[in-house]
Amino acid sequence: MPDTDTDKIRLGTLQPLDGKTWLSWNDAKRQIRTMIRKSGHKALGTFRPRKVNGQELQIATSAGTATAGRWIGAPVFIVTGS
């Protein structure tokens, strides 16, 4: 167990859809929401605006903040704690 007040829950990784070699913003958001739902948590609200950082997605969940990069194979984590 880490010696900080935060923990990370790994939900999975982002995958390309339909044999594509790239990952669109909408594909990534859809996959993250699905992973959150399957983990038994609930997505709250909307994703942080893309103009802040177009290569990273963030959304609040019932367990903390879900974050992921927007590239194929990017890990999706929920950061919990303070």
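Close-up 1. The term stands for a side-chain nitrogen of Lys or Arg within 4 Å of a carboxyl oxygen of Asp or Glu. Asp27 also meets Arg30 through its side chain, at 3.4 Å from N to O. Both Asp27 and Arg30 belong to helix H1 and are 3 residues apart, about one turn of the helix. Shared partners join Lys20, Asp27 and Arg30 into one network. The structure holds 2 salt bridges. Asp27 counts as buried because its relative accessibility is 7%, while Lys20 is partly exposed at 28%. Here buried means under 20% relative accessible area, exposed means over 50%, and partly exposed is in between (1.4 Å probe, protein chains only). Helices (H or I, at least four residues) and strands (E, at least two) are DSSP runs, numbered from the N terminus.

A word on the model: residues are numbered from 1 along each chain as its sequence is written, and side-chain values use heavy atoms, with hydrogens and water left out. Since this is a predicted model, local features need pLDDT of at least 70 and side-chain atom pairs count only at pLDDT 80 or more, whereas totals for chains, interfaces and linings use all residues.

**Close-up 2. Asp18 in its loop.** Asp18 is found between strand E1 (6–13) and helix H1 (25–38), in the loop. Its phi is positive, about 55°, although Asp18 is not a glycine. With 75% relative accessibility, Asp18 counts as exposed.

**Close-up 3. Leu14 and the largest nonpolar core.** This core has 15 residues, and Leu14, Ile32, Leu57, Ile59 and Val76 have the most contacts inside it. At least two residues each come from H1, strand E3 (56–61), strand E4 (65–69) and strand E5 (75–81). H1 gives the most, with 5 residues. A nonpolar core is a set of buried Ala, Val, Leu, Ile, Met, Phe, Trp, Tyr and Cys residues joined through side-chain atoms within 4.5 Å. Leaving out residues up to four places away in sequence, Leu14 touches a list of residues including Leu23, Ala28, Ile32, Met35, Trp71, Ile72 and Val76. A contact here is heavy atoms within 4.5 Å.

**Close-up 4. Thr67 on strand E4.** Thr67 has its place in strand E4 and is buried, with a relative accessible area of 17%. Not counting residues up to four places away in sequence, Thr67 touches Leu57, Gln58, Pro75, Val76 and Phe77.

**Close-up 5. Ile9 and Ile78, C-alpha to C-alpha.** These two are 69 residues apart in sequence, yet 5.0 Å apart in space. Ile9 lies in strand E1 and counts as partly exposed, at 33% relative accessibility. Setting aside neighbours within four places in sequence, Ile9 is in contact with His41, Val76, Phe77, Ile78 and Thr80.

**Close-up 6. Lys8 over the ring of Phe77.** The charged end of Lys8 sits 4.9 Å from the ring centre of Phe77. To count as sitting over a ring, NZ of Lys or CZ of Arg has to be within 6 Å of the ring centre and within 35 degrees of the ring normal.
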